[in-house]
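Welcome! Here is a short tour for someone meeting this structure for the first time. Have a look at it, then read on.

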Amino acid sequence: ICQMLGYQQEELLRLRPRDIHPPWSEDETEQHFQDQKTADKTVENHPVLKKDGTITPVDIDTVTLTIEGIPVQVGVFRDVTERSRAEENRRLLSSAVQQVQESIIVTDSRGTIKFANSAFEKTTGFTAQEVIGKSYTFQLSRQSTEQHSSRITSMLNARLVWTGRLVSIHKNGNEITEDTTISPVLNQQEELIGWIWIRRDVTEDLFKEKLQRQSQKLEALGR
């Protein structure tokens, strides 16, 4: 703990336990101390104040022992900076994914949906809870399934990116045309763990283009 906090042993021994926690966490720290008097416990992601003034998140395991008839509390500190940073990155990524306008779903390597963002819910009418656990094919139209399913499967098995236009079915039964990109998700060992689908609804754009073509044809006939 001396190395973690940057103190010499003699310096650390002169400090009180609450001295190694930032002032703004004083109430929380005090509550943890009180709780630890009655039961052994683990405190997760608790801030500790280093000698240089920086703050590090730690997990603290505490146990009460009796030494020469005197009850003492022993705390084991684990620096969880990397874990905390990874959790924060995941929160940021999750927040960003929820903010984008494109529908995003994530499947496992077998094609089972594990995540769907809010844009997907808005575009399709399905909630994330309704689609999680289903196959990615459940929403595809029969035409898209017949035309693209085998091709998509071949691309996915080869860990290649597939880009194309798919027609899926809204919860109300209407068709949705979407420009779709499907990319593999690999872990640190380069093993395939899933797929991410990014889908942009172009139904309205196509409808407007159709109306424009019809208008142009009518104009040509009227000349």
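Strand E4 (residues 103-108) and strand E5 (residues 113-116) run antiparallel and are joined by three bridges. Strands pair if DSSP finds at least two bridges between them, and the helices (H or I, at least four residues) and strands (E, at least two) named here are DSSP runs, numbered from the N terminus. This is a predicted model, in which local features need pLDDT of at least 70 and side-chain atom pairs count only at pLDDT 80 or more, while totals for chains, interfaces and linings use all residues. Residues are numbered from 1 along each chain as its sequence is written, and side-chain values use heavy atoms, with hydrogens and water left out.

- Asn-45 is a residue other than glycine with a positive phi, near 50°, and its place is in strand E1 (residues 41-49).
- Glu-190 is also a residue other than glycine with a positive phi, near 65°; Glu-190 lies in the loop between strand E7 (175-186) and E8.

**Aromatic pairs**

- How many aromatic pairs does a search of the whole structure find? The search finds two, where rings of Phe, Tyr and Trp (its six-membered ring) pair if their centres lie within 6.5 Å, and planes under 30 degrees apart count as stacked, over 60 as edge-to-face and the rest as tilted.
- Phe-126 and Phe-138 make an edge-to-face pair, with 5.4 Å from centre to centre and 75° between the planes.
- This pair links distant parts of the chain, 12 residues apart: Phe-126 is in the loop between helix H5 (118-124) and helix H6 (128-131), and Phe-138 is in the loop between H6 and helix H7 (142-157).
- Phe-126 is buried, at 16% relative accessible area, whereas Phe-138 is partly exposed, at 31%; buried means under 20% relative accessible area, exposed over 50%, and partly exposed in between (1.4 Å probe, protein chains only).
- The pair of Tyr-136 and Trp-197 is tilted because the ring centres are 4.7 Å apart and the planes are at 40°.
- Tyr-136 is in the loop between H6 and H7 and Trp-197 is in strand E8 (residues 192-201), so this pair links distant parts of the chain, 61 residues apart.
- Tyr-136 is buried, with 12% relative accessibility, and Trp-197 is buried too, with 1%.
- The charged end of Lys-134 sits over the ring of Phe-138, 5.8 Å from its centre (the rule asks for NZ of Lys or CZ of Arg within 6 Å of the ring centre and within 35 degrees of the ring normal).

**Salt bridges**

- The count comes to 15 salt bridges, each a side-chain nitrogen of Lys or Arg within 4 Å of a carboxyl oxygen of Asp or Glu.
- One of them joins Lys-51 and Glu-11, with the closest N and O atoms 2.8 Å apart.
- That pair links distant parts of the chain, 40 residues apart: Lys-51 is in the loop between E1 and E2, and Glu-11 is in helix H2 (residues 9-13).
- Lys-171 forms a salt bridge with Glu-130, with the closest N and O atoms 2.7 Å apart.
- Arg-200 and Asp-205 form another, with the closest N and O atoms 3.8 Å apart.
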